[in-house]
Amino acid sequence: MKKKLTERCIDINTPYCPCLLAETNNCIFCNHLNGGAVCDCNWGGVCILYEKLWKKNKIAKTKQLDFDLPTPIRTELETEFKIKEQINANTYVIEFGVSEILAESLNKIGSFVFLRRPSDKEFYHFPVGVMSVDDTKITVAIEAIGPKSTRIFSDENRSLFVRGPYFNGVFGQPWIENLTNSKVVLLAGGIGQAPALPILKKLIENENEVKAILAPGKVGSIFIKEEFESSEIEVIEVDSLRKYGLKLMKDCIETNNFAPELIVSAGPDEQHFSIITAMKDINVNIPMAATNNSTMCCGEGICGSCQRKTKDNKTVRCCKDQIDFRDLDLSHLNQD
């Protein structure tokens, strides 16, 4: 497996490309569509610039004006939800129905949607990672701790606006998708347990051997325990990943001859950083996939809320850029 992850846009070669960024000459992949004069994208798929010009020419033939050019827009629909489980005072696992097309699009690792209460304005949207897809039923876990998410459950509301699909909820997706017949250590804690489920599903589908180390985190419960144990993998429960899980990960690699080819971290950025430090301590240099915890408001790369700096001082849009988490500037994190 390649240890170096090639940076790319998560929406490239999907129905949502060329996107709004390409319309404004801010494409993160096509040099021509971000103001450059030379083609140096190193992309082997369908040319983004060609797609943009082809759509423009097609519309011109219908005598529409340039400012009427359509951009691919995600689906937004209204639906009803039910609470499947209340994990603690403000954390819920809910289920809601969507269209067949949207459900099919969301049935992959890293998928997420934006949710809001139908009576609320558009700026109440907040992102939630997809936990599972069953036919047209979507399951997500919500930690209702802010003015956006708490509105979903206030006054016994059971209606939602759902917008999607979005795909960049996990950094290092190519490593997870392409790894086969190998060994993986998966660490998940807190609300990060939710996106760990589709990751586990993909790893098992590719016939990988998985050791999972799970902790309740701030939600106070290992709410994916049943699903993980039913997958017939080795599941180790700890009270805290930072206190006990990292040592177990080290022991697993050093003394148990497990020799994983991939580490997966599903949890907060502080957890990711602790795992990176632990890997350095035992001189292990293997790929690490990690859940994306960036602040997101639009999901289209326009608002800039998810922008972060890399170690080489580049700015990336984390709702779009598929990169190695270790390439991000982590100096803002508590490294104790």
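The model is predicted, so to speak of local features we need pLDDT of at least 70, and side-chain atom pairs count only at pLDDT 80 or more, while totals for chains, interfaces and linings use all residues. Residues are numbered from 1 along each chain as its sequence is written, and side-chain values use heavy atoms, with hydrogens and water left out.

Let's start with helix H8, residues 241-254. Helices (H or I, at least four residues) and strands (E, at least two) are DSSP runs numbered from the N terminus. The buried residues of H8 are Leu 241, Gly 245, Leu 246, Met 249, Cys 252 and Ile 253; buried means under 20% relative accessible area, exposed over 50%, and partly exposed in between (1.4 Å probe, protein chains only). Look down the axis of H8 and these buried residues fall within an arc of 120°, so they line one face of the helix. That arc is taken from the directions from the helix axis to the C-beta atoms. An α-helix has 3.6 residues a turn, so residues three or four places apart point the same way. On the face turned away from the buried side of H8 sit the exposed Lys 243 and Lys 247. The cover over the buried residues includes strands S9, S10 and S12, plus helix H9.

Now for Arg 163, in strand S7. This arginine is buried yet has no salt bridge, and the nearest side chain of opposite charge, Glu 76, is 5.0 Å away. (Lys and Arg count as positive, Asp and Glu as negative; His and the chain ends are not counted. A salt bridge puts a side-chain nitrogen of Lys or Arg within 4 Å of a carboxyl oxygen of Asp or Glu.) What Arg 163 does have is a side-chain reach of 3.0 Å to the backbone oxygen of Cys 298.

Salt bridges do turn up elsewhere: the whole structure holds 17. In one of them, the side chains of Arg 74 and Glu 300 meet at 3.0 Å, N to O. This pair links distant parts of the chain, 226 residues apart, and both Arg 74 and Glu 300 are buried. They also belong to a network of salt bridges with Asp 11 and Lys 320.

Glu 95 and Lys 84 make another salt bridge, at 4.0 Å, N to O. Glu 95 lies in strand S3 and Lys 84 in strand S2, so this pair ties together parts 11 residues apart in sequence.

Terms used:
Contact = heavy atoms within 4.5 Å. Polar contact = N/O pair within 3.5 Å; in protein donor to acceptor, adjacent residues only side chain to side chain.
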